[in-house]
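I opened a new page for this one. My plan is to go through the model step by step and jot down what I look up.

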Amino acid sequence: MRLSQHWTILLSSPLLILLTGRASFAFSFTMPSQQPNPICTPTSPYCSSISQTKPGVGTLTVSTTSVSVLPLGGTNDFFNLLTSSVWAQNGWTFNKAQPVESLTGRFDIGVYAPSIFLTTPERIGAEIQVLYNPGVGDPVGSNVHFIQRVVNNHANTITLQGAIQQPPGTPDDKIDTVLEQTQLGFIDPRNPQKPTFNPFYDTYGQVVRYPNQTILFVDIVAREDIYYNNKNWSAELYLAEVKDPINNPNEVTIYNGISWGWESIFTPPKTSKKFSDSLASGFEVDRFNLSDLTPGSKYIAWTNNDLPSNRCNPNTFLSTQNDSGFQLGFNDDSSPVGNGFASALTGTVGSSGNINLNVSAAGGGARGQDRGNYELFVDVYDPQESPDFSSAASGGGGFGKEMRGLTQQNPILPNSLQNGWQVFNKVPGCRWFDPPTTYGFEFQSLEDTLFTEILDFPAGDDQEFTVAVGDSILGNFSPGDKLDFISLLGYPVDNFRITGIDSLFGETAETAFPIQLAFQEREGSFKMRQISKPIDAEAVPEPGSILAAKGMLLWFAGMRHILRKKRQAG
């Protein structure tokens, strides 16, 4: 299977048949055959250019260069590089084939396509497959090889541990046998019986020798860090032969060849703006305006609230309106960045040339989601561009997809059940979690997770819950209350209990008793289990610093409890 079958390819130019050479008996090459109205697909044999737009980043275009015939014996730059290489310094000799030795056969190119590899890490490059069809008198057999020179502007430093990418723009000019250039005596892991200290490219390519001794050469080039910097990569590919492998195994003759390669061009959005702000409450609305834009231009706006200054991010609600205040669009929790509480929307600039954006707390500003810092980004594209505006999942979110854990009614459920414990593994903080329970439940952290806050208690018929850490009762709490372990105790905790649950809240086990928790880190793991009967937890003598820190909180909790009982009695 070709690797390009996993790549996305889009057609942007007509398919051409290139047949280059002198006469029928002279060396030449062929390109893939033309097809009527060709549509480039992941399995297309030929595609000259592809493009991909990444929202918030820009548009990347990767194109293959024209294939052309190279001089017999190689260009001067290639031959000078080869004769001054590490191989020449260690006993190898290289000769240019004489005119009477010029190949009469051809290179049949079966695949030639640029590619953008969409998985992480993102990569770009091109694939070429060359079938050597020897003519009468041309060299054949196992002593026939390929030699390739590569020139590019994004060099790698090769070590035994792999390739280290240099800063963008670092020039590179080398004979393309990667590890062998700097590691003398390196043993090819694919063929440990044979030292690979030789200049032949097909040591690392894929070579298939058929009964008629033709050779299939496959080359796939990839480059990470694909955005922001223009890149070019060109190659000279030659046929070579060791004519006398017994008496002169290190003497190589260079025959005809072809040039090929690819380049990438990065185009940033036409207009890019970034705003930084914060929400102080669930009632605040921040307004932003961009003006003097080209009507008809497409744009994308998105928020990011996964910032170091936030413990629990605000749940932003992003909307847009026209100059008269009429809402045109809105979005909640589908930003391509952020920690699940960020928003994104797309639109078209109207006749006024303005974009009006509002940022507020989503859902009326629920506890634990209504305050914090955020960033707002806006990219405006040229009217003729049609970017792909599909956004990546944000912590499991996406356009039109509700994320678990954002509301009491849709909590994150346990991953597994182990010995009576409901286990939550590597879940994001600041979310609602819920196991089925009747009276209470105990929370226990896993790995290095620590609990910092209970951000909210569920709202329903039951209005009072008791929280305890160890033998210490921290107080009684109600929906809308917040319990900050750090402020109360001076440190986060790895275990606590909630009891006094008189009734369940949801109609199903999944919504029986949801709870909103925050961790010391953005993600954590923990387990929780039911408490089937009351566990007596009494307040014990504590250090004066802890009592002073939580005395007022317990007093307010007690007064709230007394007032609630009086209201119920009245």
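This is a predicted model: local features need pLDDT of at least 70, side-chain atom pairs count only at pLDDT 80 or more; totals for chains, interfaces and linings use all residues.

**Rings and charges**

I started with Lys 527: its charged end sits over the ring of Trp 421, 4.6 Å from the ring centre. My rule for this is NZ of Lys or CZ of Arg within 6 Å of the ring centre and within 35 degrees of the ring normal. I found another case at Phe 79, where the charged end of Lys 96 sits over the ring, 5.1 Å from its centre.

Residues are numbered from 1 along each chain as its sequence is written, and side-chain values use heavy atoms, with hydrogens and water left out.

Next I looked up ring pairs. Rings of Phe, Tyr and Trp (its six-membered ring) pair if their centres lie within 6.5 Å; planes under 30 degrees apart are stacked, over 60 edge-to-face, and the rest tilted. I get 22 aromatic pairs by this rule. I picked out Trp 92 and Phe 200: their centres are 5.9 Å apart and their planes stand at 80°, so I wrote the pair down as edge-to-face. The two are 108 residues apart, with Trp 92 in the loop between helix H1 (76-83) and strand S6 (93-96) and Phe 200 in the loop between strand S12 (172-175) and strand S13 (206-209). Helices (H or I, at least four residues) and strands (E, at least two) are DSSP runs, numbered from the N terminus. Both Trp 92 and Phe 200 are buried; that label means under 20% relative accessible area, with exposed over 50% and partly exposed in between (1.4 Å probe, protein chains only).

I also traced a cluster that ring pairs hold together: Phe 424, Phe 441, Phe 443, Phe 451, Phe 485, Phe 496, Phe 519 and Phe 526.

**Overall count**

I counted 3 helices and 35 strands in the protein. Of its 570 residues, 49% are buried. For contacts (heavy atoms within 4.5 Å), I took those between residues at least 6 apart in sequence, and 73% of them join residues at least 24 apart.

**Cores**

Which residues touch the most other members of the largest nonpolar core? My list is Val 67, Phe 107, Ile 109, Tyr 112, Leu 239, Ile 258 and Trp 260, out of 33 residues in that core. A core here is a set of buried Ala, Val, Leu, Ile, Met, Phe, Trp, Tyr and Cys residues joined through side-chain atoms within 4.5 Å. Among the elements giving two or more residues to this core are strand S7 (106-117), strand S15 (231-241) and strand S16 (251-267). I then found a second, separate core of 28 residues, which includes Phe 485, Leu 489, Phe 513 and Phe 526.

**Sheets**

Strands pair if DSSP finds at least two bridges between them. S27 meets strand S34 (residues 515-519) over 3 bridges, and I see Phe 433 opposite Ile 515 in S34.

Another open sheet of 4 strands runs S18-S23-S20-S21, also antiparallel. Its edge strands are strand S18 (285-290) and strand S21 (327-332). S18 pairs with strand S23 (residues 355-361) over 6 bridges, and there Val 285 stands opposite Ser 360.

**Strand S33**

Is strand S33 (residues 495-499) enclosed or open? I found 5 of its 5 residues buried, so S33 is largely enclosed by the rest of the structure. On one side are Asn 495, Arg 497 and Thr 499, on the other Phe 496 and Ile 498. Strand S28 (residues 440-445) pairs with S33 in the antiparallel sense over 4 bridges, with Phe 443 opposite Phe 496. Strand S30 (residues 465-469) joins S33 through 3 bridges, also antiparallel, and Thr 466 has Thr 499 as its bridge partner.

**Loop spots**

Asp 292 has a positive phi of about 60° although it is not a glycine. Asp 292 lies in the loop between S18 and strand S19 (298-304) and is exposed, with a relative accessible area of 75%.
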